[in-house]
Amino acid sequence: MAIRKIRISTDEVLRKICKPVKEINDHLLTLLDDMADTMYEANGVGLAAPQVGVLKRVVVIDIGEGLLELINPVILEQKGTQIDYEGCLSVPNASGRVERPSYVKVEAMNRKGETIIVEGEELMAVALCHELDHLDGILYIDKVLPDEEETEEV
């Protein structure tokens, strides 16, 4: 297991569409392990393969409930809306308000090749959408809402 270099927003690899994983092998398992180590080292809650320069449809997430590894994830369902501030390990020292679904249901494979269903609300829904966006070359900064104007009472 190793800590990999996290690509920064100006890196073109982050704007490319990732290819589906065709085979779960030792290289993929090492990638999953390295991504988890890299995410934890950077104090992140999620990391997608393109963020470490690998154009595969793989993400890891841990919002404090344990490590979730998703291979070839697909959103099956989303409901509601929520707006909150997001940041990204590939966009250091920045954040912005983004609208996301408040509920998301995702189908993916785990490291054993088994199909799994993951449902998430609130932070997990945000993390799932944020990381899956990375697989399609989308960064949260593409979705940032304008700041609400602050009004003073007179």
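Reply: Happy to. Let's start with Thr38: leaving aside its neighbours within four places in sequence, Thr38 is in contact with Ala2, Ile3, Arg4, Ile6, Leu47 and Val52, where contact means heavy atoms within 4.5 Å. Before going further, please keep in mind that this is a predicted model, in which local features need pLDDT of at least 70 and side-chain atom pairs count only at pLDDT 80 or more, while totals for chains, interfaces and linings use all residues. Residues are numbered from 1 along each chain as its sequence is written, and side-chain values use heavy atoms, with hydrogens and water left out.

Thr38 sits in helix α1, which covers residues 26–41; helices here are DSSP runs of H or I with at least four residues, strands are runs of E with at least two, and both are numbered from the N terminus. Thr38 counts as buried because its relative accessibility is 2%; buried means under 20% relative accessible area, exposed over 50%, and partly exposed in between, with a 1.4 Å probe and protein chains only. The side chain of Thr38 also has a polar atom 2.7 Å from the backbone oxygen of Asp34.

At 25% relative accessibility, Ser9 counts as partly exposed. Leaving aside neighbours within four places in sequence, Ser9 is in contact with Leu14, Ser90, Val91, Leu139 and Ile141. Between Ser9 and Ala49, which are 40 residues apart along the chain, the C-alpha atoms are separated by 14 Å.

Now for the whole chain. It has two helices and seven strands, in the order α-β-β-β-β-β-β-β-α along the sequence. Buried residues make up 44% of the 154 residues. Of the contacts with a separation of 6 or more, 66% are between residues 24 or more positions apart.

As for overall dimensions, the C-alpha atoms fill a box of roughly 65 × 30 × 25 Å along the principal axes.

Finally, the charges: the chain has 16 positive and 30 negative side chains, and the centres of the two sets lie 10 Å apart. Lys and Arg count as positive and Asp and Glu as negative, leaving out His and the chain ends, and each charge is placed at NZ of Lys, CZ of Arg, CG of Asp or CD of Glu.

Key:
Polar contact = N/O pair within 3.5 Å; in protein donor to acceptor, adjacent residues only side chain to side chain.
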